[in-house]
Amino acid sequence: MKRFRREPSGLLVARFEAAEAALLTNLAAQTAELLSEKRDAPAAVADPALARLLPDAYPDDPEASAEFRRFTSDGLAERKVLNSKAVVDSLEQSDRGRVTVHLDEREAQSLLRTLTDIRLVLAARLGIERDGDSGFRGTRDSLTQSLTYGWVGYVQESLIRALNAPPRR
Amino acid sequence: MTPLASPDTLEEIDERTVEQPLTPWSTIVWNDPVNLMSYVTYVFQSYFGFSESEAERRMLQVHNEGRAVVATGGREEMERHVEAMHDYGLWATLAKVDA
């Protein structure tokens with residue numbers, strides 16, 4: 001991946017290798033799927049990944065938490081799904097080979113949030129509970145997921161730096 | 001200034017609205033092992049409009065102390081902030097401010 005930079009036009013540009021773009025597309029689609037399934041699930045959120053995506057607002061008051069969830073979780077899940085879909089779209093514009101994305105502010109915000117959601121899901125799957133935990137548990141699966149988790153963080157860090165950089169004239 | 005409510009308007013006032021000025025609520029952001037420090041700072045700056053140094057100060061408070069209060073006010077407003085934080089993927093809750 002070639003890091004994000006802000007073009008004079010204000011657009012945020014980065015280049016992904018084909019495999020990287022495919023991986024991100026896949027992860028974004030999985031996140032959207034997880035959040036779409038949520039509507040069919042019972043009110044109690046049993047999946048730790050979903051619980052982290054749609055957390056309790058009142059940890060000491062189950063009743064108030066349930067009410068808050070009733071009023072907000074559909075909209076929250078829907079916005080997250082839309083963000084994921086926007087990411088899938090921005091990565092799709094190119095054919096085989098490398099993918100260069102040119103994101104406007106709105107698309108950049110979708111990517112920023114989706115990268116967070118992807119990391120939250122991966123962290124829940126890896127059982128990451130403390131600062132500094134990489135999630136590697138000595139298995140091949142956890143190694144792959146842990147490397148992916150780190151890489152998605154790298155993409156996000158790169159995007160944040162570019163967002164913070166004023167456009168150069 | 002809040003005028004005295006006459007008995008017939010009093011009935012229409014939502015209990016929550018009356019409660020607000022007396023018991024303010026706070027929006028709390030909790031530390032999590034996932035979100036990048038740069039991201040939390042970015043969210044505090046762009047959503048709450050904190051200066052870079054103020055956003056960093058609060059981010060470090062979350063990181064070092066496990067939590068930070070990022071806003072105080074009426075309950076509905078705090079619920080909107082918490083929902084916005086959940087949009088960003090931050091772990092936020094609301095609580096009554098201790099008297």
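A:Arg79 forms a salt bridge with B:Glu83, and their closest N and O atoms lie 3.0 Å apart. This pair comes from a predicted model. Across the interface of chain A and chain B, three salt bridges are found. Over all chains, the structure holds twelve.

**The interface**

How many residues of chain A are in contact with chain B? The count is 33 residues of chain A, against 25 residues of chain B. The size of an interface is often given as the accessible area lost when the parts come together. Here chain A and chain B bury about 2,500 Å² between them. Carbon and sulfur atoms account for 54% of that area. Polar contacts also link the two chains: 14 residue pairs, with both residues at pLDDT 80 or more.

Which helices of chain A supply this side? H2 (48–53), H3 (62–92), H4 (105–126) and H5 (140–164) each give at least two residues. H4(A) gives the most, with eight residues. By class, the side of chain A that touches chain B has 15 nonpolar, six polar and twelve charged residues.

**Inside chain A**

H4(A) also packs against H1(A), which covers residues 18–37. Their axes are 10 Å apart, at an angle of about 75 degrees. Angles from 65 to 115 degrees count as roughly perpendicular, so H1(A) is roughly perpendicular to H4(A). On the H1(A) side, the contact is made by A:Leu24, A:Leu27, A:Ala28, A:Thr31 and A:Leu34. On the H4(A) side, the residues include A:Leu115, A:Ile118, A:Val121, A:Leu122 and A:Arg125. By class, this contact has eight nonpolar, two polar and two charged residues.

A:Arg125 of H4(A) has a further partner. Its side chain meets that of A:Asp47 in a salt bridge, at 3.2 Å from N to O. A:Asp47 sits in the loop between H1 and H2 of chain A. The two residues are 78 residues apart, so the pair links distant parts of the chain.

| Residue with N | Residue with O | N to O distance |
|---|---|---|
| A:Arg79 | B:Glu83 | 3.0 Å |
| A:Arg125 | A:Asp47 | 3.2 Å |

Conventions. Residues are numbered from 1 along each chain as its sequence is written. Chains are lettered from A and ligands numbered from 1 in the order in which they are written. This is a predicted model: local features need pLDDT of at least 70, side-chain atom pairs count only at pLDDT 80 or more; totals for chains, interfaces and linings use all residues. Side-chain values use heavy atoms; hydrogens and water are left out. Contact means heavy atoms within 4.5 Å. Buried area is the accessible area (1.4 Å probe) that two parts lose on being put together, summed over both. A salt bridge is a side-chain nitrogen of Lys or Arg within 4 Å of a carboxyl oxygen of Asp or Glu. A polar contact is a pair of N or O atoms within 3.5 Å; within protein, one must be able to donate a hydrogen and the other to accept it, and residues adjacent in sequence count only if both atoms are side-chain atoms. Helices (H or I, at least four residues) and strands (E, at least two) are DSSP runs, numbered from the N terminus. Ala, Val, Leu, Ile, Met, Phe, Trp, Tyr, Cys and Pro count as nonpolar, Asp, Glu, Lys and Arg as charged, and the others, Gly among them, as polar. Axes are lines fitted to C-alpha atoms, for helices over the stretch in contact, and angles run from 0 to 180 degrees between N-to-C directions. Angles under 35 degrees count as roughly parallel, over 145 as roughly antiparallel, 65 to 115 as roughly perpendicular and the rest as oblique.
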